[in-house]
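Student: I would like to go through this model step by step. Please start with the terms.

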Amino acid sequence: MDGPSRPPDRGAERLALANGDRLPSSEERTASRFHQLKSGRALTGVYLKSTDNRPDENCWWCDPENDSGTHQMRDHLFKHCYKLKDQQAAMWARAKEVTKKRKQKWRVGDLLVDERCSPAVLDFLRSTHVGRAAPPVKETGTVTMKRRRG
Ligand SMILES: [Zn+2]
């Protein structure tokens, strides 16, 4: 139905010009998030916990306040996170259109490597913050990220 359309740039591109490097275009950054998700190194809660960058694996969209224990892994982001349900629905509808395979039948890892689904996955990433930098960790008294200087 809809042809391929480029979403408008959000303006974040203006950041970080100070270091003089050419900024990656938003398309390049989307492609890099896609690649990181495929390789399991996307900035999900589970990955960030494993690299000691967050105190827990919880999804920061589902439970920013109460600790409901929803582990933010790829499966959660692509299938279950209620904050992303509209974008998920659009993506799975397109995946089903090209593969005749329903959401329930997919493992997310398989979806990510199926090239027929790549346009839908890329649009999903463009329309969400999946795999982007996480919000700052709140001081909860458990793990803090203070840097020791000197
Ligand atoms: Zn969630």
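Tutor: A residue is buried if 20 or more other C-beta atoms lie within 10 Å of its own, exposed if 12 or fewer, and partly exposed in between, with C-beta atoms placed from the backbone. Helices (H or I, at least four residues) and strands (E, at least two) are DSSP runs, numbered from the N terminus. This is a predicted model, in which local features need pLDDT of at least 70, side-chain atom pairs count only at pLDDT 80 or more, and totals for chains, interfaces and linings use all residues. Residues are numbered from 1 along each chain as its sequence is written.

Student: How many helices and strands are in the chain?

Tutor: From the N terminus on, the elements run α-α-α-α-α-α. The count is six helices and zero strands.

Student: Which residues in helix 6 are buried?

Tutor: Of the 150 residues of the chain, 23% count as buried. In helix 6, the buried ones are Ala 120, Val 121, Phe 124 and Leu 125.

Student: Where do they lie around the axis of helix 6?

Tutor: The arc is that of the directions from the helix axis to the C-beta atoms. Ala 120, Val 121, Phe 124 and Leu 125 cover an arc of only 140 degrees, which puts them on the same side of helix 6.

Student: What do the buried residues of helix 6 pack against?

Tutor: Two residues are in contact if their C-beta atoms, placed from the backbone, lie within 7 Å. The buried residues of helix 6 pack against helix 1, helix 4 and helix 5 (108-113).

Student: How are helix 4 and helix 6 oriented to each other?

Tutor: Axes are lines fitted to C-alpha atoms, for helices over the stretch in contact, and angles run from 0 to 180 degrees between N-to-C directions. The axes of helix 4 (residues 85-99) and helix 6 (residues 118-127) come within 9 Å and cross at roughly 170 degrees. Angles under 35 degrees count as roughly parallel, over 145 as roughly antiparallel, 65 to 115 as roughly perpendicular and the rest as oblique. Helix 4 and helix 6 are therefore roughly antiparallel.

Student: Which residues of helix 6 meet helix 4?

Tutor: On the helix 4 side, the residues are Gln 87, Met 91, Arg 94 and Ala 95. They meet Ala 120, Val 121, Asp 123, Phe 124 and Ser 127 in helix 6.

Student: How is helix 1 oriented to helix 6?

Tutor: The axes of helix 1 (residues 26-39) and helix 6 come within 10 Å and cross at roughly 110 degrees. That makes helix 1, relative to helix 6, roughly perpendicular.
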